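Subject: Structure handover

Hello,

Here is the structure I promised to pass on. My notes follow below it.

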Amino acid sequence: MGGTHSKKLSLAAKEIWTWCEARKLWIFASYISSKDNAIADYESRRLEPETEQLILFYNMLIRIGGYMGAVGMMRTLNFSMWSI
């Protein structure tokens with residue numbers, strides 16, 4: 001199994017692992033080649049113009065108020081196409 005140097009990601013992974021363990025669930029990530037998963041590959045590369053604009057807006061909010069400020073602002077705004 002891999003790891004991370006990010007304390008936040010490590011804590012998130014531990015929380016997910018503990019949640020799964022309490023429910024006797026086992027999760028794992030695996031690679032599926034693009035040729036075997038063409039739909040997911042296509043969808044992962046496709047961005048609607050609205051999505052691109054929203055990502056730019058979100059990145060601007062992060063620069064202004066940091067991650068938590070951006071999340072708070074996005075929750076405050078009523079985006080029907082983005083739920084956090």
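K24 sits in the loop between α1 and α2. Helices here are DSSP runs of H or I with at least four residues, strands are E runs of at least two, and numbering starts at the N terminus. K24 has a positive phi of about 55°, although it is not a glycine. That residue comes just after α1. K24 is exposed, at 76% relative accessibility. Exposed means over 50% relative accessible area, buried means under 20%, and partly exposed lies in between (1.4 Å probe, protein chains only).

Before the rest, two notes on the source. This is a predicted model: local features need pLDDT of at least 70, side-chain atom pairs count only at pLDDT 80 or more, and totals for chains, interfaces and linings use all residues. Residues are numbered from 1 along each chain as its sequence is written, and side-chain values use heavy atoms, with hydrogens and water left out.

Overall fold. The chain has three helices and zero strands. Along the sequence the pattern reads α-α-α. Of the 84 residues in the chain, 10% are buried. Take the contacts (heavy atoms within 4.5 Å) between residues at least 6 apart in sequence: 21% of them join residues at least 24 apart. The chain exposes about 7,800 Å², with carbon and sulfur atoms supplying 60% of it. Accessible areas come from the Shrake-Rupley method with a 1.4 Å probe; for residues, only the protein chains shown count as cover.

Helix α1. It has 16 residues and spans 22 Å from first C-alpha to last, close to the 22 Å expected at 1.5 Å a residue. The expected span is 1.5 Å times one less than the number of residues. α1 is hardly covered: one of its 16 residues is buried.

Aromatics and surface. The structure holds one aromatic pair. W17 and W26 form it, edge-to-face, at 5.2 Å centre to centre and 75° between the planes. Rings of Phe, Tyr and Trp (its six-membered ring) pair with centres within 6.5 Å; planes under 30 degrees apart are stacked, over 60 edge-to-face, the rest tilted. W17 is partly exposed at 33%, while W26 is exposed at 57%.

Both belong to a nonpolar surface patch of about 580 Å², made by I16, W17, W26, I27 and F28. Patch residues have over 30% relative accessible area and no salt bridge; nonpolar side chains (Val, Leu, Ile, Met, Phe, Trp, Tyr) are joined within 5 Å, like charges within 9 Å. A salt bridge puts a side-chain nitrogen of Lys or Arg within 4 Å of a carboxyl oxygen of Asp or Glu. F28 lies in the loop between α1 (7-22) and α2 (38-45). F28 is exposed, at 64%.

Best wishes
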